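Subject: Structure handover

Hello,

Please find the structure below, followed by notes on what was found in it.

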Amino acid sequence: MNRGPADTGPTLTTLLRLAVTGGRVDLMRIMLTVIGAAAATIGLLTAATVASIGASDGPYGLTVLNEPGLRPGVIIVLLLLCVPILSFVGQCVRVGAPARDRRLAAFRMAGGTPSNVRGIVAIETGLAATAGGVVGVGVYAVLHAVLRHPPPRHPVLPGQIETGAVAGAPILPTDVWPTWWLLVLASALVPLGATVASLVAMRRITVSPFGVLHRHSHRPPATLPAVLFTVGVAGLVLWGSVAERLGLTDEGPGAFGAVALLLFVMAVVGLVFGTAALAYQIGRWLAPRAGHPALLIASRRLVDAPFTASRASSVVVLAVMLGSAVQGTRADFLVITDPTETFYRDTFTLLNIVLAVGVAMAVAGLLVTAVEGVITRRRTLAALAASGTPRRVLGEAVLLETVVPLAPAILLAAAAGLFAARGLFGTAGGVRQGIGGRSSQVAVPVPWTDLGILAGGTLAAVCLVTAVSLLFLRRSTDLRELRAAA
């Protein structure tokens, strides 16, 4: 790129063309980003729809939508569902990164500036996220029209709204559109967030004419997250008795709930940011004791790059912790409420479906990370293969690198969520029995089956997606990859 005296750099059209130029891997990255952005946009629009329900709207088949006091909880759950989806979008940005890095280096060799390179990456991510937002709005509009249900023609009897037994009422609020400002905000939030995130990520990357350098920190992970996790979980486990002694229960649910929420946030932050420290410590402990070559390779990788897999596994761990807390809360509510009342049972069933979608999206993000890790380390893997390491051993090492630190993290997340629920709501509930309405204490059962399905199913899904990433191992261990850029 030869510049004349009046040349101020490439035009926007040139940057657009360079942003969308690439091969099949680049097309796959763009398509995955579009799909993730569309799913996130649909989730945000659904939350905006619930927030736009007015006093004259409804009634609906879901009682949680008929109660104004319960709608903020529904909105929070929908927003939390967008977290693993946005994490999936962030992982998709790295698909095909080595080939894109070579293109960017060639662009610098031709005379491009670092700001031009950042513009190309931001435009590519922003365009893909914008396309995903448009697709999400279109899919939402189609589903809104298809699922639209006319309101019941007969009058609503008193008490029907409270029980959710309105015959002919739609289950979802398909008679409501989000207000215009919520619609604009939900549609623009994902593209803007993806573009800003790509620009922030480029701050740690130096694109030179001779290659792309990723500035990684080689410091061991901090132990502060472990301290936060321990304090948060211990505080939640002992919170019932501590709050009673401090008199917080007498000050109303505000002070009680605020401190409990703070402890829960501390536990979540400690667990999410402590996955890298957990992987590092496991690798340090296993490396000198490993008697199998695959375990040795995996443990050394955990010590050298503990933050690599933790970016996606932290979202999986967060989903498991929230799911475990929901199962513990569900067991408590089913004990203290009337068994004939289906409101809480139906509400928790709906919440379980949302959590299942969140876990699936988190595992999908882990799949993208695992595939990208195999492709990015192709030179190292090819060198190991050239030195005589069987491909089977390399495949086992890749699988162990993901499963070994994630298995204890999932168990810790499940235990922390359960302890949090039982610490907040207690291990015994009062139920009414007999004609006199006498109250008796009944022990809240531990939902072992639900926790086993949650933790075991998540771990099985992680093993499955990691095994899928091994399909790229044969190509990455080709001896010709020794000539690839590191």
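In H12, Ala-279, Tyr-280, Gly-283, Arg-284 and Leu-286 meet Leu-295, Ser-299, Leu-302 and Val-303 of H13; contact means heavy atoms within 4.5 Å. Helices here are DSSP runs (H or I, at least four residues), numbered from the N terminus.

This is a predicted model, in which local features need pLDDT of at least 70 and side-chain atom pairs count only at pLDDT 80 or more, while totals for chains, interfaces and linings use all residues. Residues are numbered from 1 along each chain as its sequence is written, and side-chain values use heavy atoms, with hydrogens and water left out.

The axes of H12 and H13 are 7 Å apart, and the two helices pack at an angle of about 135 degrees. That makes H12 oblique to H13. Axes are lines fitted to C-alpha atoms, for helices over the stretch in contact, with angles from 0 to 180 degrees between N-to-C directions. Under 35 degrees counts as roughly parallel, over 145 as roughly antiparallel, 65 to 115 as roughly perpendicular, and the rest as oblique. The crossing of H12 and H13 is left-handed (the near helix is turned anticlockwise from the far one by less than a right angle; clockwise would be right-handed).

H12 (residues 275-286) also meets H17 (residues 391-425), their axes coming within 9 Å and crossing at roughly 125 degrees. H12 is therefore oblique to H17. The crossing of H12 and H17 is right-handed. Leu-278, Ala-279, Ile-282 and Leu-286 are the H12 residues in contact, and Val-404, Pro-405, Pro-408 and Ala-409 those in H17.

The structure has four salt bridges (a side-chain nitrogen of Lys or Arg within 4 Å of a carboxyl oxygen of Asp or Glu). One of them joins Asp-304 to Arg-300, with the closest N and O atoms 3.9 Å apart. Both residues lie in H13 (residues 293-304), four residues apart, which is about one turn of the helix.

Elsewhere, Val-142 is in helix H6 (residues 114-146).

Regards
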